[in-house]
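Please look over the chain below before reading the briefing. The notes are grouped by topic.

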Amino acid sequence: MNEIRIKIKQRHANKYKSGYPLLFKEAITNLDSLKSEGSLLYFEDEKGSFLGRGYYGRQNKGYGWVLTQKPNEKIDQMFFEKKLAKALAKRASFYEDPNTTAFRLFNGEGDGIGGLTIDYFDGYLLFNWYSEGMYTFKDTIIEAIHSVSDFKGIYEKKRFKTGGKYIDDDDFVTGERGEFPLVVKENGVNFAVYLNEGAMVGVFLDQREVRQSIRDKYANGKRVLNTFSYTGAFSVFAAIGGAEKTTSVDLANRSYEKTIEQFSMNSLDYEAHDIIVQDVFDYYNYAVKKGLSFDLVILDPPSFARSKKRTFSAEKDYKHLLKQTIDITEKGGVIVASTNAAKVPMKKFKAFIDEAFNEKGQKYSILEEHSLPSDFQVVPQFPEGSYLKVLFIRTGDLSKNR
Ligand code: SAH
């Protein structure tokens, strides 16, 4: 087999021996051996002892992934079939649940192949290829999925630059073309999904359990503010859970009609709710001026966003966002704080929350803690893969005057 030998620096060898899957730059002694993406790699330490085999693919996270620690396992169609079949078996309960028809079928390194995710949307599969290297296995992997599962059709997103662009005009790959919006269900709630209109399809599946909790335990009779609301998925769950009113705020123009659509998909009267296209920070200033307050506030900002007026980075600005949120949350109310920023692990996130409440002179208690749901498989050797952190926080009484 045509494999490139990659020598791993001795001090990183143990990490790979214990199953670390990501090939990172600092670990490689012979970087200039890496030439064309998709090349198969053979990893050994500086003393020549075998560490694993994998492929070369550049993505923001690194230089490629380890695919096997077995010296003789071939990386061929059979290999991919085995990984896919195993992942499918782990999602058996999702396949059987008629109330949830959208879930992650394959979660990259968590299912044994870094650089590839597959989401399931009511019979359609959406492949996300995270590097040109991963994409070179496309034909083999599509063959493999055909032989282990039934589906209506496949769409794809190339999450790497091709000709300077990330997005193609047509993401259809094979099978039957879908009719969009495709209506999928999550715990009995409808979502309109578009697999052929850019990278974001209408819903982030990793927040399923958070939405369920909001609907079932927190929304009834409450005034709910959903910030960075995108298509309003949290608002729809809150409304179905009996919220007195929801207010969705997002900067993007498209969010207005997309939110109306998600409400309508569930026969909810969107006119009984507020859908506001505005910068969240401007909205906060407005809310403070008008003396508005809410019982339940959902914070799910992107890790990093640049608007005309300002940039937001979770790492630098989350604490400030929390302090402003505390100002417009009723005492005894609940803040659902979420982040997927890699630079903000749970410990740091909790510290932001603690500092924000202390600086506001308020007590708080943590009611629930969520990470990724079970379909977003992670492996213990790669804790970085567990990117989602969500806390439900009960705001307390004023304890000090500040
Ligand atoms: N909470 C959403 C997903 C959020 S995606 C959900 O559960 O579906 C991030 C969203 O933040 C995008 O829709 C983007 O338009 C919006 N956004 C980014 N910066 C913003 C800002 N300063 N004010 C309001 N919205 C912003």
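Predicted model: local features only at pLDDT ≥ 70, side-chain atom pairs only at ≥ 80, totals over all residues.

Residues are numbered from 1 along each chain as its sequence is written, and side-chain values use heavy atoms, with hydrogens and water left out.

**Domains and their interface**

- The domain assignment of the protein chain gives domain 1 (3-68), domain 2 (77-187) and domain 3 (204-395), the bounds coming from an automatic or database domain assignment.
- Between domain 2 and domain 3 the C-alpha centres lie 28 Å apart, and the contact (heavy atoms within 4.5 Å) takes 17 residues from domain 2 and 16 residues from domain 3.
- About 1400 Å² is buried between domain 2 and domain 3, with 56% given by carbon and sulfur atoms; buried area is the accessible area (1.4 Å probe) that two parts lose on being put together, summed over both.
- Of the area that domain 2 buries against domain 3, E109, E186 and N187 supply 39%, more than any other three residues.

**Polar pairs and composition of the interface**

- The count between domain 2 and domain 3 is one salt bridge, defined as a side-chain nitrogen of Lys or Arg within 4 Å of a carboxyl oxygen of Asp or Glu.
- R211 forms a salt bridge with E186, and their closest N and O atoms are 2.8 Å apart.
- Seven residue pairs, both at pLDDT 80 or more, are in polar contact across the interface of domain 2 and domain 3; a polar contact is a pair of N or O atoms within 3.5 Å, and within protein one must be able to donate a hydrogen and the other to accept it, with residues adjacent in sequence counting only if both atoms are side-chain atoms.
- Strand 6 (102-107), strand 7 (116-121) and strand 11 (182-186) each supply at least two residues of the side of domain 2 that touches domain 3, and strand 6 gives the most, with four residues; helices (H or I, at least four residues) and strands (E, at least two) are DSSP runs, numbered from the N terminus.

**E109**

- E109, in the loop between strand 6 and strand 7, counts as buried because its relative accessibility is 12%; buried means under 20% relative accessible area, exposed over 50%, and partly exposed in between (1.4 Å probe, protein chains only).
- Not counting residues up to four places away in sequence, E109 touches P21, W65, G114, V379, F382 and G385.
- E109 and Q381 are 272 residues apart in sequence, yet 9.9 Å apart in space, C-alpha to C-alpha.

**Backbone features**

- Most residues other than glycine have a negative phi, and most peptide bonds are trans.
- The peptide bond from F180 to P181 is cis, with omega near 5°, and P181 lies in the loop between strand 10 (172-175) and strand 11.
- N187, in the loop between strand 11 and strand 12 (189-193), is not a glycine but has a positive phi of about 45°.
- Y230, in the loop between strand 13 and helix 7 (233-240), has a positive phi near 55°, and Y230 is buried, with a relative accessible area of 11%.

**Helix 9**

- In helix 9 (residues 280-290), the buried residues are V280, F281, D282, Y283, Y284 and A287, and what covers them includes strand 13 (223-227), strand 14 (245-250) and helix 10 (314-327).
- D279 caps the N-terminal end of helix 9, with a side-chain oxygen 2.8 Å from the backbone nitrogen of F281, and G291, whose phi is positive, near 70°, follows helix 9.
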